[in-house]
Amino acid sequence: MLTPDLTYLTGVYYSNPFVHVLFYVLLAGLVGGTFATGSLVLICLTRNIFTDFAGMFLLSLIADVLAANTQQAIFSPTLFAIPQCPVYLPTLGWAITELAIFLVFFAGCFNYGIKKLSLIDYLWQKSSRKIWVKLLASTLAFSALFSVLALGNIGGIISNATVLGNLSVTATNLHNQLYFILPPVIVVNLIDFPLPHAVEYFFLVKRKKLLSYLLWHCVLVEISLIFSLILAGIISGCFSKLTWIDLDFGIDFLSLIYCLFGLMIIILVLDLLSLLIGKLKSGILIELFVLADNYLLSHYGWSLLLTHGLVNLPGQTINFLIEPAVYLAYLLLLLRYLSSKDFLQEVNYA
């Protein structure tokens, strides 16, 4: 027998059972919708799929335990939807008010969170797990590559060289850059770069987030290269008799920084071209540009990209003010193009 303390609208159950069943179906939908909205809030706050799916479920379990200990269903709104509740129910008016408060609160949090959740975060969540695996694999691969090049370069350096100096000479060597460093960087970057879909691409531009998206990926690749160089330095230092560092380490350190700056420009241009013309075409285009730049260097003694920090030629005097200024100018031109109307028109028809 149904009692008012455990079941809502008991009189309706006896007079019109269909309406009573329909009422509990609607009440269950209201309770489920409230907790589903809470799950949407968790999506805006966390990047863990387990938390998103199980967060509200665990919260309801905790509320059920509290309701069971107090014998009051007011602490667990999920119990409202049970036709014969195992604990005492609050009044129907209070139950509807409690559900409405939770629903409005969760809806407000979701509305706030979805505004804060930019498309950058959305794309990050969509591809973060794969990206970290790819970056870890690329870091290990580049560490092995730099280690082999650094160990092979030890025989040709002066006797009082350091591990940092050997690493700087290895990374900025023209032959190494052309044939062993730039091609793998281009290929790995094309594999790692999560190309957004057409709709995502459109909103990235309209919300002026495209540059942030490109920089986000570029910074991740740069971090991978930095860790690769560090690991390569440790490996080459352990397998050689070179001293680790000396008092005159500033030039070698700046050379590596400028080399990474040059790689960053290449990665940014490569990612931008991938958005406009596709990954394969952009990779071929960048590689042809590098080879053309090397042709200018070998025949005319100057280059557009290589000799401004990416490589150091024997006998070349490095101007530590002009060289980064060239790359900075390229970066400013790239930013200028990304904010131009011409680029927006290219996106509309891309």
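Predicted model: local features only at pLDDT ≥ 70, side-chain atom pairs only at ≥ 80, totals over all residues.

Trainee: Is Phe23 buried or exposed?

Mentor: Phe23 counts as buried, at 18% relative accessibility. The cut-off for that class is under 20%.

Trainee: What kind of aromatic pair do Phe23 and Tyr24 form?

Mentor: The pair of Phe23 and Tyr24 is edge-to-face, with 5.3 Å centre to centre and 80° between the planes. An angle over 60 degrees between the planes places a pair in that class.

Trainee: How many aromatic pairs does a search of the whole structure find?

Mentor: The search finds six aromatic pairs. There is also an aromatic cluster, formed by Phe193, Tyr213 and Trp216.

Trainee: How should I read the packing of two helices?

Mentor: Two packed helices are described by the angle between their axes and by the distance between those axes. Here, helix H6 (residues 163–171) packs with helix H10 (residues 250–277) at an angle of about 30°, and their axes are 9 Å apart. H6 is therefore roughly parallel to H10, since angles under 35 degrees are classed in that way. The crossing in which H6 passes H10 is left-handed.

Trainee: Which residues make the contact between H6 and H10?

Mentor: From H6, the contact is made by Leu164, Gly165, Leu167, Ser168 and Ala171; from H10, by Asp252, Phe253, Ser255, Leu256 and Cys259. Sorted by class, the contact of H6 with H10 has six nonpolar, three polar and one charged residues.

Trainee: How many of the nine residues of H6 are buried?

Mentor: Eight of the nine are buried, and H6 is mostly covered. Among the buried residues of H6 are Val163, Asn166 and Thr170.

Trainee: What may be read from the backbone angle phi?

Mentor: Most residues other than glycine have a negative phi. In this model, Leu9 has a positive phi of about 55° although it is not a glycine. Leu9 lies in the segment before helix H1 (10–15), and is partly exposed, with a relative accessible area of 36%.

Trainee: Where does Gln71 lie?

Mentor: Gln71 lies in the loop between helix H3 (49–70) and helix H4 (92–116). Gln71 has a positive phi of about 60° and is not a glycine. With a relative accessible area of 36%, Gln71 is partly exposed.

Definitions and conventions: Residues numbered from 1 in each chain as written. Heavy atoms only, no water. Axes fitted to C-alpha atoms, helices over the stretch in contact; angles between N-to-C directions. Helix = DSSP H or I, 4+ residues; strand = E, 2+ residues; numbered from the N terminus. Parallel < 35°, antiparallel > 145°, perpendicular 65-115°, else oblique. Left-handed = near helix turned anticlockwise from the far one by under 90°. Contact = heavy atoms within 4.5 Å. Nonpolar A, V, L, I, M, F, W, Y, C, P; charged D, E, K, R; others polar. Phe/Tyr/Trp six-rings, centres within 6.5 Å; stacked < 30°, edge-to-face > 60°. Buried < 20%, exposed > 50% of the residue type's maximum accessible area, 1.4 Å probe, protein only.
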